[in-house]
Amino acid sequence: TMKRVIVCRGGIDTSNCQPPKKVVLVGPTGAGKTTTIAKIAADLVYRQQKKVALVSLDTFRVGGIEQLNIYGDIMKIPVEAAQDQIGLEECIRRHSNKDVILIDTMGRCHKDHAYSGHLSEVFEKMGEVETHLVLSVGSYEKQFFESYKQFSLLGINSVLFTKLDEGLNFGAMLNFSLKSRLPLSYLTTGQRVPEDIEVAAQ
């Protein structure tokens with residue numbers, strides 16, 4: 001019944017785009033973006049046999065890039081850090097032979113609207129970018145909408161809910177999906193990479 005109510009768009013579709021497809025994960029601090037991006041990468045690499053590169057724009061958080069590097073080593077895929085638009089453009093050029101470039105961003109408090117402005121400047125010359133809003137089911141509904149508002153400048157394509165194993169707040173998830181009409185791309189259900197992720201298939 002949930003599928004009748006919530007628009008499920010499925011995961012990242014590489015079938016009808018000019019590679020590399022650029023996919024960005026945005027969302028509040030603590031939503032689990034870095035672990036989630038590793039799970040999506042694993043799904044693309046192992047299940048779909050795609051060529052993937054990981055790029056982190058999270059250059060402030062100690063450990064963010066190290067965590068991605070570990071996953072990159074395991075999956076044998078390149079991991080890069082970019083500081084700004086020029087750095088990101090160089091990364092994309094270097095990996096123009098990949099099917100998908102996954103871009104991890106920094107978690108910011110939902111009140112920080114300057115950050116999404118900064119991100120939209122970073123992405124403005126990138127051509128088409130697919131943006132997934134990452135939200136933890138453990139948060140409040142009000143925070144979901146605050147984060148949506150915060151990043152809406154980027155043009156959000158899908159929402160991705162994390163930590164379903166911890167969440168008791170499925171009503172908020174349902175409400176948010178109904179009100180925002182954002183299609184659901186993935187759900188994550190734990191810390192394990194790559195197991196704990198589900199594609200929200202139609």
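**View 1. The largest pocket of the predicted model.** In this predicted structure, the largest pocket holds about 280 Å³ of space. It is lined by 24 residues, and those closest to its centre are Gly 30, Ala 31, Gly 32, Lys 33 and Thr 34. Helix 2, which spans residues 33-47, contributes five residues, the largest share of this lining. Sorted by class, the lining of the largest pocket consists of 14 polar, seven charged and three nonpolar residues.

**View 2. The second largest pocket.** The volume of this pocket is about 240 Å³. Strand 1 (21-26) and strand 5 each provide at least two of the lining residues.

**View 3. His 132 in strand 5.** Strand 5 covers residues 129-136, and His 132 is one of its residues. The relative accessible area of His 132 is 1%, so this residue is classed as buried, the cut-off being under 20%. Leaving aside residues up to four places away in sequence, His 132 touches Ile 12, Val 23, Val 24, Leu 25, Val 26, Ser 158 and Ser 185.

Terms used:
Residues numbered from 1 in each chain as written. Predicted model: local features only at pLDDT ≥ 70, side-chain atom pairs only at ≥ 80, totals over all residues. Heavy atoms only, no water. Helix = DSSP H or I, 4+ residues; strand = E, 2+ residues; numbered from the N terminus. Buried < 20%, exposed > 50% of the residue type's maximum accessible area, 1.4 Å probe, protein only. Contact = heavy atoms within 4.5 Å. 1 Å grid on protein atoms, 1.4 Å probe; cavity = no way out; pocket = protein on both sides within 12 Å on 5 of 7 lines; lining within 4 Å. Points joined across faces, edges and corners; volume = space filled by probe spheres on them. Nonpolar A, V, L, I, M, F, W, Y, C, P; charged D, E, K, R; others polar.
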